[in-house]
Amino acid sequence: METREKIIIIGGGFAGLQLAKTLNNKNKKVIVLDKVNHHMFQPLFYQVACGRIEPSNISFPFRKIFQNSRNTQFRLTEVKEIIPSQNKVITDEAEFTYDKLIIATGCKTNFFGNKELESKAFGMKNTQEAIGIRNHVLMTFEKLILEKSRSDDGNWNIVIVGSGPTGVELAGAFSEMKKEILPRDYPYMNFNNLKINLVSSTEKPLAVMSPEAQEKSEKYLKELGVNFMSGEVVTDYDGDKVFLKSGKQIPSNNVIWAAGVVGNVVEGFPSEKLIRNRYIVDRFNKVKGYDNIYAIGDIAYMETPKYPQGHPQVANVAINQAKNLGKNFLRKNLAEWNEYEYKDQGSLATIGKHRAVVDLPFIKFQGFLAWYFWMFLHLMLILSVRNKLAIFFNWMWSYFNKDSSLRLIISPNKKNNMEQ
């Protein structure tokens, strides 16, 4: 009997999950390793942070996904080190050997080495961080109504650092929350005092999109009352004040960092295998210097004639690199393998109700039509029918009622914390 090739996939994000699905029920033994037990749909984290949808609506347990698989297994464990010379992966719970290893560990929030910022500002790269933002912001208003004073100006400033899609979507959602929801929850508080500040190092928001999208998104932000601070760089945050390079200071107890990402590199590789914290790979996603180790998605640095500085760290790249690699693994010989070529399918962002911008290769449009397109596309990308319906229902409820009933403050019970 022929022995099945053993493939280990580290990470169950867009890239890792897509590769596992491509190899599902094929003549391979596939093991997915991840430190959480579910796949997360990251583009909608901001809606969890603002109480628009439940975390469970965009979280998909791996064991449910592969419940009927004949060849794919999942292990809940955190990878600590890779030993390429022994074809071995070391985790906090066990050791795994492999015939082929795929690193799909994605990215984490980039605080640019500032430990003070990292410890006091919120990132938004996983479900726990999104829930943490929701808890913290809602607790701010609970404290304010008890204090019945504006003694701490930091409570009245929400600061979002970074004006990419995550930043502008958060700013728009918090602005609508300020206008439509908070005054009904706290009828005796004056929310005119609440400021949503979007700090941008660029002159326009959504710098990676078209000039039309940049102009329109800035217009939308101003219509929503967002304080868009262009050409400003955050240098530090002490938990009470945000310090800007220009010398300005913003008092704030609610700082969300959306100003960049950095690769989740696993220990075990020399620095010459990396560029900007991404593994150097060839056109087949094979890591430089290794015959059986591959990297896909945000963690992979692949130079091509069209992208000499590497591909953008977006979901489309991750998914299609995974599909291409999976199909290559299923081919009988290397001569049949296809190189990866990125086809930019466009980008989009929403900045509140009826306000969105869409850049497609063949057309660019903004406004309410773009907003409906954004909603439809994201619904189609959600994995399960049940989750699609749950999200659609929440969106429709919010659309017609200008409200949401998902503003739960959920704090962990320390007594039952398994880490203690």
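Colleague: Let's start with a hairpin. What is the bridge partner of Ser347 in S24?
Modeller: That would be Asp359. Keep in mind as we go that this is a predicted model.

Colleague: Fine. Do S23 and S24 pair parallel or antiparallel, and over how many bridges?
Modeller: Antiparallel, over four bridges. Strand S23 covers residues 347-350 and strand S24 covers residues 356-359.

Colleague: And which residue in that hairpin takes a positive phi?
Modeller: Gly352 does, with a phi near 100°. The hairpin has five residues between the strands, and Gly352 sits in that loop between S23 and S24.

Colleague: Is Gly352 buried or exposed?
Modeller: Gly352 counts as buried, because its relative accessibility is 10% and the cut-off for buried is under 20%.

Colleague: Leaving aside neighbours within four places in sequence, what is Gly352 in contact with?
Modeller: With Glu176 and Trp371, once those sequence neighbours are set aside. There is also Glu169, whose C-alpha atom is 7.2 Å from that of Gly352. Those two residues are 183 apart along the chain.

Colleague: Nice. Changing topic, in what order do the five strands of the open sheet come?
Modeller: The order is S5-S2-S1-S9-S21, with parallel pairing. Strand S5 (72-76) and strand S21 (293-295) are at the edges; each has a single partner strand, so one side of each has no neighbour in the sheet.

Colleague: How much are neighbouring strands turned against each other there?
Modeller: By 20° on average, ignoring direction.

Colleague: Zooming in, how many bridges join S1 to S2?
Modeller: Six, with strand S1 (residues 5-10) and strand S2 (residues 28-34) running parallel.

Colleague: Which strands does helix H1 touch?
Modeller: Helix H1 (residues 14-22) packs on the sheet and touches S1, S2, S5 and strand S9 (100-103). The direction of H1 makes about 155° with that of S1.

Colleague: And what does H8 lie across?
Modeller: Helix H8, residues 315-329, lies across S1, S2, S9 and S21. Relative to S9, H8 runs at about 175°.

Colleague: Okay, charges now. How many salt bridges does the structure hold?
Modeller: The count is 15.

Colleague: Let's take a few. Which residue forms a salt bridge with Lys115?
Modeller: Glu118, with the closest N and O atoms 3.8 Å apart. Both residues lie in helix H4 (residues 115-120), three residues apart, about one turn of the helix. Lys115 is exposed at 62% relative accessible area, while Glu118 is partly exposed at 42%.

Colleague: Which residues are linked in a network of salt bridges?
Modeller: Lys204, Glu215, Glu218 and Lys222 are linked that way.

Colleague: Last one, I promise. Which residues form a nonpolar patch on the surface?
Modeller: Look at Phe368, Leu369 and Tyr372. Together they have about 320 Å² of accessible area. Phe368 belongs to helix H9 (residues 368-381), and Phe368 counts as exposed because its relative accessibility is 53%, with exposed meaning over 50%.

Colleague: Great, thanks for the tour!

Notes: Residues are numbered from 1 along each chain as its sequence is written. This is a predicted model: local features need pLDDT of at least 70, side-chain atom pairs count only at pLDDT 80 or more; totals for chains, interfaces and linings use all residues. Side-chain values use heavy atoms; hydrogens and water are left out. Patches are made of residues with over 30% relative accessible area and no salt bridge: like charges are joined within 9 Å, nonpolar side chains (Val, Leu, Ile, Met, Phe, Trp, Tyr) within 5 Å. Accessible areas come from the Shrake-Rupley method with a 1.4 Å probe; for residues, only the protein chains shown count as cover. A salt bridge is a side-chain nitrogen of Lys or Arg within 4 Å of a carboxyl oxygen of Asp or Glu. Helices (H or I, at least four residues) and strands (E, at least two) are DSSP runs, numbered from the N terminus. Buried means under 20% relative accessible area, exposed over 50%, partly exposed in between (1.4 Å probe, protein chains only). Two strands pair if DSSP finds at least two bridges between them. Axes are lines fitted to C-alpha atoms, for helices over the stretch in contact, and angles run from 0 to 180 degrees between N-to-C directions. Contact means heavy atoms within 4.5 Å.
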